[in-house]
Each structure stands twice: as C-alpha cells, then as structure tokens.
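Visitor: I am new to this structure. Please take me through one part of it closely, and then show me what lies around that part.

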Amino acid sequence: MNHKYVCIECNKEFEADFFKLKCEESDYSCFDIKYYKSNANFPVLPSPLDIKSLGEGSTPVVSFKDKFSDLGDFIFKLEYFSPTGSFKDRGTSLLLSKAKEVGIKEFVEDSSGNAGASMSAYAKNLGMKCHIFVPDQTPLNKKSQIKIFGAELHNVPGPRQNSTIAAKEFCDKTSIPYVSHNYNPYFIEGMKSFAYEIFEEFNDRITDIVIPVGNGSLLIGAYKGFKELKNQGLINKIPKLHCIQVEGFSPISNKFMNLDWEFDVNSKTLAGGIAVSDPPRINQVIDAIKESESECEIVSEEKTLSWHKEIASWGILSEITCAAALAGTEKLLNRGVIGKDSNVIVPITGSGLKDLSNVKI
Ligand SMILES: [Zn+2]
C-alpha cells in the first residue's frame, strides 16, 4: 500500500478501506487519498493496482484562437473522445479496477447519465454486475447507453438528489455495496490524468481552465494533479481552475461567494450533468478554487443554450452541460478575470450525441 485515506474535513488519517465512504468522526465527510512521500513519483497513482483501460484519456486538443483574438490561445480538450463519450471514464477506470481488486462482484451507483454509462461499460468488461440509479428525465440516449453495456437501470422521479437517496436505500435493503463516483476517492485519483496530459502537451503555458461543475470531480482531480506536478518541481504555478455552475444549481458558487443557498425543487436545466444541489465534496472543491486563485460564475440557461449552438457552428457538438463553461468563459472575460494573452482550456466534457434529442434545431 502506498497510500492511506484522509478525511477532507477533520484531516484525520485512516487505513484505506474501499468500502468506507465517509468519516464517522466529522459528520460523515468524504475521504481523499494521501500518498506516502517515498512513493510519490510522477504520475502518482495507487499501487500496486492492475488498472483496466478501455482507451480513456489522452484526449485530443484543438485551438480556437481565431474566435478570441485577444487571448494567447483558446483550446478545447475533447473529453468526449473517451470510450463512453465523456470525461468520467478517467475516474471509472481506476475506481472499478480497485473494486475488482477488493473482490466486488455487484454494486450500486447513481448518476445523471454519463457516470452511469461509464460504470456500466467498465463493470461489464471486468465481470461485475451493476445497478445504476438515474433521474427519470435523463436523456433517452444516456439511458440506452447504460442499458446496452448490461447494467440494470433504475429510473427515479424528481431531482438528481432523489437518485442518490434511492441508491442508498437500495444498498441498505440488499447489502449490495455502494460504489459511488462522488463519494469514493479512487474516482478522483483517475481524474488527475487530465492535468498530467495538459502538462505533457503544454508544459506550464496554460493559465486558465474553465470547468463546468456539478459535484466537482474534474476540478478536484485537476487540482490534485497540478499540485503534484508543482510539488515535484515540474511546474511553477497551478493554472486557475474556474468553477462554472448554472442558475438554480449553484451551491458551490454561492458558498464561495458567501451567499445563502437553498435548493428550489422546481429548478430545471438541460445541463443535466451539473444539476447537483448537494455536492458531498463542496468544501474540497472550494479549497481547490481558492488555492488555485480561481473564480466561480453562475450562468443562465439561455446563455448556455446559445453557446451550445455557437460551438456547434465551429464544428464541436458538446453535451449541453459543457456549454455552461463557455457561457462562464464569456463572463470571466467580461470581468477581466481572464485577461489578455491568457492561454485558456475548456474541457468538452461529454458528447452532444448523448442529449441531442433535447436540443431545438
Ligand atoms: Zn473526519
């Protein structure tokens, strides 16, 4: 074992235990993974672990500098090139490889769609059965994708949070383990490859990364990856990791800006991947935003949908969720947070083919 668990709230350290999702000593907070110093070689991953890959990561980058002539560069990292069409495959690969190692044969997960499809694919490949709980309003293509890989799909009426509650109840009833990509820290470790790849491609040239945030796994993973690179002297500064949320689903941005947050169950958005009202790692996301000297923005549904169409006119079909990051980029540019000559990356987190049926064309 080259790592242990550390509670994100009380900082107490524990032996790594895949089945333990929360620290009982601090109001049930999540764990992060901490490595023993002697093993901290780049890349830093749990070892020994036989990591199952289906070809995730190493996603292409494409420059749209011509669209923002004041910027040094404006780059999309096309995360939808991963095997199930979203960035989640980075985390799933590591999470389910670890699940296999500890002997899990059947598990429960909840998702807005992308993580569910990803978990279903890797589970099938690794010989595990899974139950995926999704909100009823999840686009049909995402539900079909979850089913074709072999998972048992459970539709849950109401907002995203209801799927989490239903999944936990099902676990209590059946004693099948809950392998949650939001609670289990191995998922975040898989996300770090996003930062490693940006470093390998651009060295330390990138100044700003603009990320659509629901639960924040990509933002936390990117922060951890860049911090490791900095600690090892490979970069001097962590790029800014800006957090973009949509109106009605902005618990992280509100807390960052010291604004009260109360979820209105009638809130709706087509940016389903970030329609999260109660992210369990909220304080860890906020720490990453502050420590990287970054900002939060809350964008409107209208702007999100207009940016979705705009980048389609550039030849990029993203999921609607991701277009929120473009609307956020526009606000950050207008505020001067992203300045002239900045080199900006936006991850195109998922394929537009997954929710195309929701788009008015
Ligand atoms: Zn704790």
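Visitor: What do the buried residues of H9 pack against?

Guide: This is a predicted model, and everything below is read from that model. Start with the helix itself. H9 covers residues 282-291. Its buried residues are Ile282, Gln284, Val285, Ile286, Ala288 and Ile289. They pack against five elements: S4, helix H7 (217-231), strand S11 (240-246), H8 and strand S12 (296-299). An α-helix has 3.6 residues a turn, so residues three or four places apart point the same way. Now look at the end of the helix. H9 is followed by Glu293, whose phi is positive, near 55 degrees. Most residues other than glycine have a negative phi.

Asn258 is not a glycine, yet its phi is positive, at about 55 degrees. Asn258 is also exposed, with a relative accessible area of 71%.

Now take one of the packing partners, S4. This strand spans 29-35. Six of the seven residues of S4 are buried, so the strand is largely enclosed by the rest of the structure. S4 belongs to an open sheet of four strands. The order is S2-S1-S4-S3, and the pairing is antiparallel. The edge strands are S2 (13-14) and S3, each of which pairs on one side only.

Look at the two neighbours of S4 in turn. Strand S1 (residues 3-7) runs antiparallel to S4, and five bridges join the two. His3 stands opposite Tyr35 of S4. Cys7 has Phe31 of S4 as its bridge partner. S3 is also antiparallel to S4, here with two bridges. Cys23 is paired with Ser29 of S4.

Tyr28 lies in the loop between S3 (22-23) and S4. The phi of Tyr28 is positive too, near 55 degrees, and Tyr28 is not a glycine.

Helix H10 (residues 301-312) meets helix H11 (residues 320-335). Two packed helices are described by the angle between their axes and the distance between the axes. For H10 and H11, the axes come within 7 Å and cross at roughly 100 degrees. The two helices are therefore roughly perpendicular to each other. H10 brings Lys303, Thr304, Leu305, Trp307, His308 and Ile311 to the contact. H11 brings Ile320, Ala323, Ala324, Leu326, Ala327 and Glu330. By class, this contact has eight nonpolar, two polar and two charged residues.

Two other helix pairs can be read in the same way. Take H2 (residues 114-125) and H3 (residues 140-148): their axes come within 8 Å and cross at roughly 15 degrees. That makes H2 roughly parallel to H3. The crossing is left-handed. Asn114, Gly116, Ala117 and Ser120 of H2 meet Lys142, Gln145 and Ile146 of H3. The contact of H2 with H3 has two nonpolar, four polar and one charged residues.

H2 also meets H1 (residues 88-101). The axes of H1 and H2 come within 9 Å and cross at roughly 40 degrees. H1 and H2 are therefore oblique to each other. H1 passes H2 in a right-handed crossing. On the H1 side, the contact is made by Lys88, Asp89, Thr92, Ser93, Leu95 and Leu96. On the H2 side, Asn114, Ala115, Ser118, Met119, Tyr122 and Ala123 take part. By class, the contact of H1 with H2 has six nonpolar, four polar and two charged residues.

Strand S8 (residues 129-135) is mostly covered, with six of its seven residues buried. Strand S7 (residues 106-110) runs parallel to S8, and five bridges join them. Glu109 stands opposite Ile132 of S8.

Conventions: Residues are numbered from 1 along each chain as its sequence is written. This is a predicted model: local features need pLDDT of at least 70, side-chain atom pairs count only at pLDDT 80 or more; totals for chains, interfaces and linings use all residues. Side-chain values use heavy atoms; hydrogens and water are left out. Axes are lines fitted to C-alpha atoms, for helices over the stretch in contact, and angles run from 0 to 180 degrees between N-to-C directions. Angles under 35 degrees count as roughly parallel, over 145 as roughly antiparallel, 65 to 115 as roughly perpendicular and the rest as oblique. Contact means heavy atoms within 4.5 Å. Ala, Val, Leu, Ile, Met, Phe, Trp, Tyr, Cys and Pro count as nonpolar, Asp, Glu, Lys and Arg as charged, and the others, Gly among them, as polar. Buried means under 20% relative accessible area, exposed over 50%, partly exposed in between (1.4 Å probe, protein chains only). Two strands pair if DSSP finds at least two bridges between them. A crossing is left-handed if the near helix is turned anticlockwise from the far one by less than a right angle, and right-handed if clockwise.
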